[in-house]
Amino acid sequence: MSSTYGTLFKISTFGESHGPAIGVVIDGCPAGLAFDTNFIQQELDRRKPGQSRITTQRREADEFEVLSGVFDGQTQGTPIALVIRNTDQRSKDYGHIARQFRPSHADYTYQTKYGSRDYRGGGRSSARETAARVAAGAVAKLLLAQQGVQIQAYVSQVGTLKLAKTYTELDLAKAEDNAVRCPDPDMAEQMFQYIDEVRKNGDSVGGVVDCVVTGAPVGWGEPVFDKLHAELGKAMLSINAVKGFEYGSGFAGAELFGSQHNDEFYTDETGAVRTRTNQSGGIQGGISNGEAIYFRTAFKPVATIMQDQDSVDVDGQPVTVSGKGRHDPCVVPRAVPIVEAMAALVLADMMLRNKAARV
């Protein structure tokens, strides 16, 4: 089972949803980086459960401990080990599915591939694992901030409710002003009420998270197979419940003529080469071009719902699966910091790879 991502800035996550702890080992972080524990905790707080009535009511503080790699407030260039203790597991909520396969979960595939599975909250397949990614992504963000790179994600769609405005028309800082993490206050309220109604019906709903990266210079990305957008796509599709990824004009670009889609170059007043439009999403030939990098990630409805569903057990016999436990009716509000974290991990790795290639 692969639990490692990255080439030079590399992470390995460990732990299960209902085990003693989850965590991450970060290898390749340069020495001398100021290790801002308050910032890392703030990032974890953005992802943690129990934030509002439209998220799972599991109560986890998600406070992290540093086991290695940091001394006197600075990274040492050695592996950084971070651990987050699990404190609010309710494994009894999952006893009824020990031999049942929940629809659209990883139960059947894990059982078939490995011959056994940790059914308590999904074990390793649980989205609880993403807390470790967020912790590592926070360290990557600190590294990127030294280069002036900023990453901002936000919820642009819940079910059929969609933002009509693009990121250039929004104040993305407002995304943190509401529980849904949508930067449009009116749409955020509509989304909140919609998710709450879905929750009351014992159902779930999907959505879309948009992400914008500013400050990335020209040159990040490693063609041919490690194109920047290919790595971003892999990173996003590795997140639980993700079903789609597109960058720049995405699928809508297929409807345009080349004369409409091409990003014309010009030289600005500082002498820098820019593009008049950004259909390319800040990436051309798999390499960042200095414009804003933007992409969209689609999340399916959470698979566990509070309704009875037909399925089979480990013997292939028909059963009725009853939804129990504490689950998000819509994952996208808590997915925002996860998307940002995975983008940061990709970009930090590409930054170091670009430096290595130019030595």
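Tutor: The residues lining the second largest pocket divide into 8 nonpolar, 7 polar and 5 charged. Please keep in mind that this is a predicted model.

Student: How much space lies in the second largest pocket, and which lining residues are closest to its centre?

Tutor: The space in the second largest pocket is about 470 Å³. Of the 20 residues that line this pocket, Lys165, Thr166, Asp210, Tyr294 and Arg296 are the closest to its centre. Strand S8 (150-158), strand S10 (207-214) and strand S16 (293-299) each contribute at least two residues to the lining.

Student: How many cavities of 30 Å³ or more are there?

Tutor: The count is 2 cavities of 30 Å³ or more. The second largest cavity holds about 40 Å³ of space. Its lining consists of Ala127, Thr130, Ile239, Asn240, Phe299, Val331 and Ile338. These divide into 5 nonpolar, 2 polar and no charged residues.

Student: What should I look for in a nonpolar core?

Tutor: In soluble globular proteins, nonpolar side chains tend to be buried together. Here the largest nonpolar core has 86 residues, and Phe9, Ile26, Leu144, Leu232, Met236, Phe299 and Val339 touch the most other members. Helix H7 (residues 332-358) supplies the largest share of this core, with 16 residues.

Student: Which residues does phenylalanine 9 touch?

Tutor: Leaving aside residues up to four places away in sequence, the contacts of phenylalanine 9 include Ile26, Cys29, Val139, Leu143, Leu345 and Leu352. Asp27 and Asp349 are also among them.

Student: How does one read a sheet?

Tutor: Strands of a sheet pair through backbone hydrogen bonds, either parallel or antiparallel. In this model, 5 strands form an open sheet in the order S1-S2-S3-S7-S4, with antiparallel pairing. Strand S1 (4-5) and strand S4 (64-68) are at the edges, each with a single partner strand, so one side of each has no neighbour in the sheet. S4 and S7 run antiparallel and are joined by 4 bridges. Within this sheet, valine 66 stands opposite leucine 82 in S7.

Student: In what sense do strands S17 and S18 pair?

Tutor: Strand S17 (residues 309-312) pairs with strand S18 (residues 318-321) in the antiparallel sense, over 4 bridges. Valine 312 has proline 318 in S18 as its bridge partner. The two strands, S17 and S18, form a hairpin with 5 residues between them, and glycine 316 in the turn has a positive phi of about 80°.

Student: Which backbone values deserve attention?

Tutor: Most residues other than glycine have a negative phi, and most peptide bonds are trans. Aspartate 72 has a positive phi, near 55°, and lies in the loop between strand S5 (70-71) and strand S6 (74-75). Serine 104 also has a positive phi, near 65°, and is found in the loop between strand S7 (80-85) and helix H2 (107-114).

Student: Are aspartate 72 and serine 104 buried or exposed?

Tutor: Exposed means over 50% relative accessible area. Aspartate 72 counts as exposed because its relative accessibility is 70%, and serine 104 counts as exposed because its value is 59%.

Student: Where does a cis peptide bond occur?

Tutor: The bond from proline 223 to valine 224 is cis, with omega near 15°. Valine 224 is in the loop between S10 and helix H5 (228-237).

Notes: Residues numbered from 1 in each chain as written. Heavy atoms only, no water. Pairing = 2+ DSSP bridges. 1 Å grid on protein atoms, 1.4 Å probe; cavity = no way out; pocket = protein on both sides within 12 Å on 5 of 7 lines; lining within 4 Å. Points joined across faces, edges and corners; volume = space filled by probe spheres on them. Nonpolar A, V, L, I, M, F, W, Y, C, P; charged D, E, K, R; others polar. Core = buried A, V, L, I, M, F, W, Y, C linked by side-chain atoms within 4.5 Å. Buried < 20%, exposed > 50% of the residue type's maximum accessible area, 1.4 Å probe, protein only. Contact = heavy atoms within 4.5 Å.
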